[in-house]
Amino acid sequence: MADFNQIVSPGAVDEGRVNVVVEIPAGSSHKIEWNRELAVMQLDRVEPAIFAKPTNYGFIPQTLDEDGDELDALIITNEPLPTGIFLEARIIGVMKFSDDNEVDDKIVVVPADDRSTGNAIMSLSDLPAQLIKQIEFHFNHYKDLKKAGTTVVESWGDIEEAKSVVHEAIDRWNAR
């Protein structure tokens, strides 16, 4: 496997597009993470099935969030995406998130070319309200069995706020 941080750029952020590497398929209870030092995908742990991911989960290459990891992305698709692929994605918003009092924001994206929906999802307001509730519930509770109350969805932000979060993460990557 190639080192995604060496060969894949963050994308055309100003135009609202980013490249995203898939770590965890939607519906999986496997916590698969990119191991930056070894440049491989690694199974970190297996979560209880009740905490399976409601969306595909991945990261934007050549970025660092405030928690020291690559900036996370929630990838909205009709079917699970396999671990280890990357896609060009369109930014539709950001979930402002805190994990154990550390900023751990999630950029919300859809495939840049989604012929299934006719590219109908352009912002968070185009997602079903129930899906937003499910995502929020998941992230507010997925660590409850280990350390309850340590994860908090603080707010949701629009595309411009999401772009700003991505640019800050790119700056952190470049400054390391």
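I began with charges over rings in this predicted model, and noted that the charged end of Arg176 sits over the ring of Trp173, 3.6 Å from its centre. I then found Lys53 over the face of Tyr57, at 4.9 Å from the ring centre.

Tyr57 and Phe139 make a stacked pair, with 6.4 Å from centre to centre and 25° between the planes. This pair joins distant parts of the chain, since Tyr57 belongs to strand 4 and Phe139 to helix 2 (residues 129–141), 82 residues apart. I looked up the accessibility of both partners: Tyr57 counts as buried because its relative accessibility is 5%, under the 20% limit, and Phe139 counts as buried because its value is 1%. Ring pairs also link Tyr57 and Phe139 with Phe97 and Tyr142 into a cluster.

Next I turned to the pockets. The largest pocket holds about 480 Å³ of space and has 25 lining residues, with Lys31, Glu33, Asp67, Asp69 and Asp72 nearest its centre. I sorted this lining into 18 charged, 5 nonpolar and 2 polar residues. Strand 2 (30–35), strand 3 (40–46) and strand 4 (56–60) each supply at least two residues of the lining, and strand 2 gives the most, with 4 residues.

For the second largest pocket I noted a volume of about 210 Å³; 13 residues line this pocket, and Arg45, Glu47, Lys143, Lys146 and Lys147 are the closest to its centre. Helix 3 (residues 144–147) contributes the largest share of that lining, 4 residues, and by class I recorded 8 charged, 4 nonpolar and 1 polar.

Notes. Residues are numbered from 1 along each chain as its sequence is written. This is a predicted model: local features need pLDDT of at least 70, side-chain atom pairs count only at pLDDT 80 or more; totals for chains, interfaces and linings use all residues. Side-chain values use heavy atoms; hydrogens and water are left out. On a 1 Å grid over the protein atoms alone, a cavity is a set of points where a 1.4 Å probe fits but cannot get out, and a pocket is an open set with protein on both sides within 12 Å along at least five of seven lines; lining residues have an atom within 4 Å of a point. Grid points are joined across faces, edges and corners, and a volume is the space filled by probe spheres set on the points. Ala, Val, Leu, Ile, Met, Phe, Trp, Tyr, Cys and Pro count as nonpolar, Asp, Glu, Lys and Arg as charged, and the others, Gly among them, as polar. Rings of Phe, Tyr and Trp (its six-membered ring) pair if their centres lie within 6.5 Å; planes under 30 degrees apart count as stacked, over 60 as edge-to-face and the rest as tilted. Buried means under 20% relative accessible area, exposed over 50%, partly exposed in between (1.4 Å probe, protein chains only). A charge sits over a ring if NZ of Lys or CZ of Arg is within 6 Å of the ring centre and within 35 degrees of the ring normal.
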